[in-house]
Amino acid sequence: MASLEQVRRRLEEAGQPQLLRFWPELGPGERAALLKELSALDPRELREHCRGAAEAGARGDGGDQGQRKMGPLPPELLGSVRRSDPESLASWEQEGFHKISQSKVAVLLLAGGQGTRLGVTYPKGMYNVGLPSGKTLYEIQAERIRKVEELADQRCGSRGTVPWYIMTSEFTLGPTERFFVEHNFFHLDKSNVIMFEQRMLPAVTFDGRAILEQKDKVAMAPDGNGGLYRALEDNKILEDMERRGIQYIHVYCVDNILVKMADPVFIGFCVSRRADCGAKVVEKSYPAEPVGVVCQVDGVYQVVEYSEISPEIAQMRNPDGSLTYSAGNICNHFFTLDFLKTVVREMEHLLKPHVALKKVPFVDEEGNLVKPVKANGIKMEKFVFDVFQFSKHFVAFEVLRAEEFSPLKNADTADKDTPTTARRALLSQHYRWAVSVGARFLDKNGCRIPDKCSLSENEDPPAVCEISPLVSYFGEGLDLYMKAKDFTSPFIVNKTKHN
């Protein structure tokens, strides 16, 4: 740790001496904490970060898509669960299982963000949406890893390992580590659960000054999920993957309760197309749906945010009536290890950070805490999909929203992406699986609950049935447990010891 004078000189060099303005008022512990935090800031990087944030904020965050040529993804690059024949889907799935059985596939979880909008003070992966089992997102995901390894063994005669890399942040690393230890890593080998931390960046005022959120603490924020690429280098994760023989990486966000871990169909599709980079997408529900769109801009692949697409372009339709720009981004990606090596070592410096205007609590000149009512600061972040532009062999794969995408972002006071909608999505999926194999549901009085063939997005299933991922990864194998059997709602289907 640097001395006070060394830190003072560095801050002068960076043009940020105000970060020490309350030093005389701090106690010994507060001084030590602030000195440690400021020692980690490189003066040149801090100066460039603050200058760049102020300039970007002044330009605005509207993007320049109006001056650039957008185009939809070419049909030959887009695979689809809906439009593919059963033979192709089965072939891709078998290829994916083959790679998993050879221990060539890893999953990488983006879990650096805080659950601010969800209204919790702990990492989102620790959240319980209210399932009958009480399982958290982390537990569900861990069990899906265990099941996909088991299925690969059954299909290919070799049980491979799917390492789980978890990118955390300063806010989430400690609680996540403790949570996994308390739960015995959900019966995964702890040597195959690798946590690492992304960088933090100071929030900056509109005139380019780093913000103090307390007298002894700089307002810091994770550098976006696109901070993944610097974090891979900082923590030597690519070297770890290479040692393990990993060739393919499935990257996803923590908040999707329906995510298919190491999805063999997606992996197999990408491998069969010799892709170096791939994105899962869902069809947009309506033209103005607030999701980014995977498309081409000036001939390169990228995600264009919904705010950067004009209403006229958003409503464009193909001759068959489908939306021209329909490939909604769900932050679910495929990368080869070689592609990630190239990005990290040769391309990362070309990524341009995005501007986010935020309400950042701060201490004023008198040392009073102020909670602003409107945006007063700039946070700079990169997005994980910013690297699509570097792909030489890009593909996208469309999946069904009801089966694979239900994000958890907001508290139940909101009207979408809440604990209620996430729980409903999972239980509706499990109800469909159960009914499809002939399961029958009874109410508490023993009366038959009529089956319902289709459910709307805002409709709870008529019966509550939760199926453990250890029983079924994606609806397979349920005949053994549920065919032509009666179950009293609510019911949890767990794997018994003799199974």
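Trainee: Okay, buried means under 20% relative accessible area, exposed over 50% and partly exposed in between, using a 1.4 Å probe and protein chains only. What should I know about the model before we use that?

Mentor: It's a predicted model, where local features need pLDDT of at least 70 and side-chain atom pairs count only at pLDDT 80 or more, while totals for chains, interfaces and linings use all residues. Residues are numbered from 1 along each chain as its sequence is written, and side-chain values use heavy atoms, with hydrogens and water left out.

Trainee: Got it. How many aromatic pairs does the structure hold?

Mentor: There are 22 of them. Take Trp92 and Phe269: their ring centres are 4.9 Å apart and their planes sit at 80°, so we call the pair edge-to-face. The rule is that rings of Phe, Tyr and Trp (its six-membered ring) pair if their centres lie within 6.5 Å; planes under 30 degrees apart are stacked, over 60 edge-to-face, and the rest tilted.

Trainee: Where are Trp92 and Phe269 in the chain?

Mentor: Trp92 is in helix α4 (residues 86-101) and Phe269 is in helix α9 (residues 264-272), so to speak distant parts of the chain, 177 residues apart. Helices (H or I, at least four residues) and strands (E, at least two) are DSSP runs, numbered from the N terminus.

Trainee: And are those two buried or exposed?

Mentor: Trp92 and Phe269 are both buried. For contrast in geometry, look at Phe388 and Phe394: centres 5.0 Å apart and planes at 45°, so that pair is tilted. Phe388 and Phe394 are buried as well.

Trainee: Which residues do ring pairs link into a cluster?

Mentor: Trp92, Tyr248, Phe266, Phe269, Phe334 and Phe397.

Trainee: Back to α4, then. What should its 16 residues span?

Mentor: At 1.5 Å a residue they should span 22 Å, and the end C-alpha atoms are 22 Å apart, which agrees. The expected span is 1.5 Å times one less than the number of residues.

Trainee: Which residues of α4 are buried?

Mentor: Trp92, Gly96, Phe97, Lys99, Ile100 and Ser101. Those buried residues pack against β3 (105-110), α5 (137-156), β11 (248-253), α9 and β20 (394-398). Contact here means heavy atoms within 4.5 Å.

Trainee: What happens at the start of α4, and just after it?

Mentor: At the start, a side-chain oxygen of Asp85 comes to within 3.1 Å of the backbone nitrogen of Glu87. Just after α4, Ser103 has a positive phi of about 60°.

Trainee: New topic! Where is Phe474?

Mentor: Phe474 is in the loop between β23 (465-467) and α14 (479-482). Its relative accessible area is 26%, so Phe474 counts as partly exposed. Leaving out residues up to four places away in sequence, Phe474 touches Lys260, Glu403, Glu404, Gln429 and Trp433.

Trainee: What does Lys260 do there, geometrically?

Mentor: Its charged end sits over the ring of Phe474, 3.9 Å from the ring centre. To count, NZ of Lys or CZ of Arg must be within 6 Å of the ring centre and within 35 degrees of the ring normal.

Trainee: And Gln429, is that buried or exposed?

Mentor: Gln429 has 2% relative accessibility, so it counts as buried. You'll find Gln429 in helix α13 (residues 419-436). The Gln429 side chain reaches the backbone oxygen of Glu403 at 2.8 Å. Besides neighbours within four places in sequence, Gln429 is in contact with Leu258, Glu403 and Phe474.

Trainee: Which residues have a positive phi without being glycine?

Mentor: Two of them are Ala262, with phi near 55°, and Asp417, with phi of about 55°. Ala262 is in the loop between β11 and α9, and at 0% relative accessibility Ala262 counts as buried. Asp417 is in the loop between α12 (401-404) and α13; at 18% relative accessibility, Asp417 also counts as buried.

Trainee: Last one: which residues does a cis peptide bond join?

Mentor: Ser489 and Pro490, with omega about 0°. Pro490 lies in the loop between β24 (486-488) and β25 (491-493).

Key: Polar contact = N/O pair within 3.5 Å; in protein donor to acceptor, adjacent residues only side chain to side chain.
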